[in-house]
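This report goes through selected local features of one protein chain. Please look at the sequence and the structure before reading on.

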Amino acid sequence: MTDATARYVYPGEPPLHEHLWPDTARVSPEGRLSIGGLDVAALAREYGTPLYVYDEETLRGRMRAFRSAFAARWPESAVAYAGKAYLSLALCRLLWEEGLELDAVSAGELGLAQRAGFPAERIHLHGNMKPDNELDGALEAGVGRIVVDSLDELARVAALGEARQRRIAIWLRINPDIATETHVSIQTGHAGSKFGLTITGGAALEAARRAAASPWLNLAGLHAHAGSQLFDATPATRVIETLATLAATIHEQTGSTIRELSPGGGLGVAYLPDERALAPEVYAGAVCGALRTASERLRLEPMRLTVEPGRAIVARAGVALYTVGPRKARPNAITLAVDGGMGDNPRPALYGARYHAALPERMNAPATESVQVVGRYCESGDVLVQSASLPQAKPGEILAVPVSGAYHLAMASAYNLVPRPAVVFLRDGRARLVRRRETLDDLIRLELT
């Protein structure tokens, strides 16, 4: 692991609403925003826009905060980063250096992690539909856990184990039938969700019986996930209680001892000035307290606890940078167009997600108007920021959108054949290009005439 004891000094003052910006964000007396010791607008002009910048100090700080919070409250615990939030070679190396595990949901995520040198035995393979070639590839790579989502998949994994004459460690993904207060598209634990084995319908217990009876399956643990962007630890504690109760039932009816438990991730982050997220310490206290109470009540042997934050680690570390284009006065709003949009950030179009925005060269200037920030894509729904209070922006200025590190690049597309943006990691006054901007050749390389 890396011990970053030598602290780089970042001149300036923290920006307004500093809880939305990376840890190293500073504003100079002239009103210019810097991150990682580097001028943000200068980076945008050097690398071009749209540009995504990630602050390494924030990334490492969040990883350490989660690890230490859980280790202090449940020594036999692990933090597995949810790769679907954002994954890159550079990030995988940081995850390994900081001692995290990794949740992957496809052969692509698994393959990228392997290219980065991330140990396969520290990877869990999730997903409600894993093609046979992906399961086979994961077993060939030696992933640590296969998270089984259905009875059909359980049979397929057992058959692959028999074919390889090898016992496979699995978790069962359980549908906990827990409703959450979040957007319907990111509620994953209610009864109607596509994910997991139901308890009330008997599928979860049947899967445990079949796994216990199979010589090719090692039922190591149980996993569930209630939903994403949650500001309350209650769903996670309810998941813990549900899984612990099921673990006790499985032991009673099959003799199998569940040794690992995962309540998933889903911890929310603040995207707007008036929002506040749970600190890792508060979240860990609630989850570990629930596990301790349930274990004592049910007389369970101590289990290894694995939590799976994604957004909560990377979101605030990332900032999206755009160049301002045309400004238009409309009957109900002033629109400000930028050179990105739903191609690099589909969340507003998919979930109605809301964001804050700022002009990084005029951070101290008073806001004089409220504008709607729209993207360049040929869709009326391509709106990045519904309402941003800004000084009057001029064409050619840089616009910064904080809390852009999660579910932007991971869901980015080349819609309208617009190249996806470059990514730069920042640390101690140095910028490191970790993903170059796409080119026309990249976009058409798979086309045939």
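Which exposed residues does the face of α5 turned away from its buried side carry? On that face are Asn133 and Glu140, and both are exposed. The model described here is a predicted one.

**Helix α5**

Helix α5 spans residues 132-141, and its buried residues are Leu135, Ala138 and Leu139. These residues lie on the same side of α5, because the arc they cover around the axis is only 95 degrees. In general, an α-helix has 3.6 residues a turn, so residues three or four places apart point the same way.

The buried residues of α5 pack against several elements. Two of these are helices, α4 (107-115) and α6 (151-164). The others are the strands β7 (123-125), β8 (145-148) and β9 (168-175). Just after α5 comes Gly142, whose phi is positive, at about 90 degrees.

**The sheet of β1, β2 and β3**

An open sheet is built from three strands in the order β1-β2-β3, with antiparallel pairing. Its edge strands, β1 (26-27) and β3 (38-39), each pair on one side only. Strand β2 covers residues 33-35, and two bridges pair β2 with β1 in the antiparallel sense. Across from Arg26 stands Ser34 of β2. As a general point, strands of a sheet pair through backbone hydrogen bonds, either parallel or antiparallel.

**Strand β14 and its partners**

Strand β14 takes in residues 318-329 and runs antiparallel to β4 (residues 51-55).

| Partner of β14 | Residues of partner | Bridges | Sense |
|---|---|---|---|
| β4 | 51-55 | four | antiparallel |
| β15 | 334-338 | four | antiparallel |
| β18 | 398-401 | four | antiparallel |

Tyr52 has Ala320 in β14 as its bridge partner. Thr323 stands opposite Ile398, a residue of β18. Lys328 stands opposite Thr335, a residue of β15.

**Backbone features in loops**

How is the peptide bond from Thr49 to Pro50 arranged, cis or trans? This bond is cis, and its omega is near -5 degrees. Pro50 belongs to the loop between α1 (40-47) and β4.

Gln165 sits in the loop between α6 and β9. Its relative accessible area is 57%, and Gln165 therefore counts as exposed, the cut-off for exposed being over 50%.

**Where the parts connect**

Helix α6 and strand β9 pack against the buried residues of α5, and the loop between α6 and β9 holds Gln165. Strand β4 pairs with β14, and the loop between α1 and β4 holds Pro50.

Note on methods. Residues are numbered from 1 along each chain as its sequence is written. This is a predicted model: local features need pLDDT of at least 70, side-chain atom pairs count only at pLDDT 80 or more; totals for chains, interfaces and linings use all residues. Side-chain values use heavy atoms; hydrogens and water are left out. Buried means under 20% relative accessible area, exposed over 50%, partly exposed in between (1.4 Å probe, protein chains only). The arc is that of the directions from the helix axis to the C-beta atoms. Contact means heavy atoms within 4.5 Å. Two strands pair if DSSP finds at least two bridges between them.
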